Number of protein chains: 2
Amino acid sequence: MAKDRVGFVGLGVMGGPMARNLLAAGHDVVAFSRTRASVDDIAADGATAAGSAREVAGQAGVVILMLPDSPQVREVLDGDDGLLAGAREGTLVIDMSTISPVVTREIAAECAERGIGWVDAPVSGGDVGAREATLSIMAGGSDEDFARAKPLFEALGKTIVHVGPVGSGQVVKACNQVVVALTIEAVSEALVLGSKAGVDPATIIEVLSGGLAANKVMEVRGRNFLEHDFTPGFRIDLHHKDLGIALQTAREYGVALPNTAAVDQMLQALRSNGRGDRDHSALLTHIEDLARHTIGAPAGATA
Amino acid sequence: MAKDRVGFVGLGVMGGPMARNLLAAGHDVVAFSRTRASVDDIAADGATAAGSAREVAGQAGVVILMLPDSPQVREVLDGDDGLLAGAREGTLVIDMSTISPVVTREIAAECAERGIGWVDAPVSGGDVGAREATLSIMAGGSDEDFARAKPLFEALGKTIVHVGPVGSGQVVKACNQVVVALTIEAVSEALVLGSKAGVDPATIIEVLSGGLAANKVMEVRGRNFLEHDFTPGFRIDLHHKDLGIALQTAREYGVALPNTAAVDQMLQALRSNGRGDRDHSALLTHIEDLARHTIGAPAGATA
């Protein structure tokens, strides 16, 4: 059986390299993005250029979306030039954007009425994972739709988990972003406390990494904290967007997330202070500012 | 050179097995505890029984303390029957209790004036680690005092780190307890959000453990969360005590710890609701109660 032609909408810092990995794996890709230049670029690399999401859906049985947030997904679907105008019964949409699980379930239900399948498959691993095809993919959808999406996922990522019915991928991604943000915040509180009380922050990370306090954030971002190197990585702007999704989902399902709400406000403050483009480990600087202390500086020293 | 005779004050759930490990390693132990029965017990195992902390200090060059909190340490030191009444120039006190770094530094300064050395050496690893001599020991003190304490630590623990001058051990322990508590809280928020939004909590832990959200709490307490098995382990009462130390230390050094303060209040609420004797992973039940949801139950089901 010939491979489905694969549609791809959204050729940004994540979508661009992902679409190229599909080409590299031998897939026939038809691509569209709001930025015409990125469509031209990938056409030069062997993809078929499309002028709209509708055109993509007209030419491909499976369409992958990689967009910033729920409104952009909604926008790509609707209207005369939208994906739904070009889709037909049997089309499968694989939304790899990180968006609201609630919106996902609404959209998937609308699509189901027209016989269009939906798999939500947000990723973690960032732009490096996108380029190197090592993304972690958390997919929600029916067994049948997941099976159809899986060969494409294998060209894009390393860890691929089918976590439940449609919407589940976005739910797990939201959970992931909660734990990552709250862990960065926890490590930041510990480092500022310990440093201002006179202990070398590198020692704190070393000792804590040997016990129940150990976490991946200290392992892979330890150097960033210690050297105040906040080159992204994963930007505060994006993590703030993701906590917004978690909090909105919590509100819809009647769940109280006190520390997620607090960290969301910290990320807002960092953005308002011009630090939205830094790596999320720069949450440390918010806790430092509260104490007017830079970790590693002599105890009591001001930033 | 003959080994120092080792004094031991505090023969509770931690101190009892630790003193026995010193005996097993061939040390000559003189022991005292508030509970007469535990002194008699260890005397039957080969230790010399003492009637007061003063007597212990009169018979031993190095005295280990393993007590509940700062007031008990202060109490053991002071008064006619206190340790300081029996100590002399050259005595070394090794305080393995988890107490305030600020109180530690005050006491150590008083001791230094009399030529008495102080090493603060709080541990992690719990009663299992105490019994099996696999504790992690975070020690603060001078190089000379640490060198004198080290052979004793080797009979008690596995990971032994000299983290800085006196007080540093307690600082690092406070940092450790902050990160552990905040991690348990973070995982709890994620599990309740994900479960109430319809995803299997075991799947959430599995997927999150594969990426930047990974932490030791999910690894070793995952089963406790999923099965609601909150047999301690490490009791909420004790973790609440330790966050009190972290917050008091933060106050002394001028550090703001917003999420530590929030989690401290959650632990207080759990204690006030009769759950202080459960494992600290029972923090999950606080977040569950806020949403009236038990993880793993059908979405929207009440506890």
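This is a predicted model: local features need pLDDT of at least 70, side-chain atom pairs count only at pLDDT 80 or more; totals for chains, interfaces and linings use all residues.
Chain B can be laid on chain A by a turn of 180°, with a shift of 0.0 Å along the axis.

Now turn to the charged side chains. Side chains of opposite charge can pair when their charged atoms come close. Over all chains, the structure holds 28 salt bridges.

Start with A:Asp40 and A:Arg36. Their closest N and O atoms are 3.2 Å apart. Both residues sit in helix 2 (residues 36–44) of chain A; because they are 4 residues apart there, about one helical turn separates them. A:Asp40 is partly exposed, at 39% relative accessible area. A:Arg36 is also partly exposed, at 48%.

Next comes A:Asp279, which meets A:Arg221 in a salt bridge of 3.1 Å, N to O. A:Asp279 lies in the loop between helix 13 (258–272) and helix 14 (283–291) of chain A, and A:Arg221 lies in helix 11 (residues 216–227), so the pair ties together parts that are 58 residues apart in sequence. A:Asp279 is buried, with a relative accessible area of 0%. A:Arg221 counts as buried too, at 17%.

In chain B, look at B:Asp242 and B:Lys241. Their side chains form a salt bridge, 3.5 Å from N to O. B:Asp242 is buried, at 4% relative accessible area.

Finally, return to chain A. There, salt bridges link A:Arg74, A:Asp78 and A:Glu110 in a network.

Note on methods. Residues are numbered from 1 along each chain as its sequence is written. Chains are lettered from A and ligands numbered from 1 in the order in which they are written. Side-chain values use heavy atoms; hydrogens and water are left out. Copies are superposed by least squares on the C-alpha atoms of residues with pLDDT of at least 70 in both. A salt bridge is a side-chain nitrogen of Lys or Arg within 4 Å of a carboxyl oxygen of Asp or Glu. Helices (H or I, at least four residues) and strands (E, at least two) are DSSP runs, numbered from the N terminus. Buried means under 20% relative accessible area, exposed over 50%, partly exposed in between (1.4 Å probe, protein chains only).
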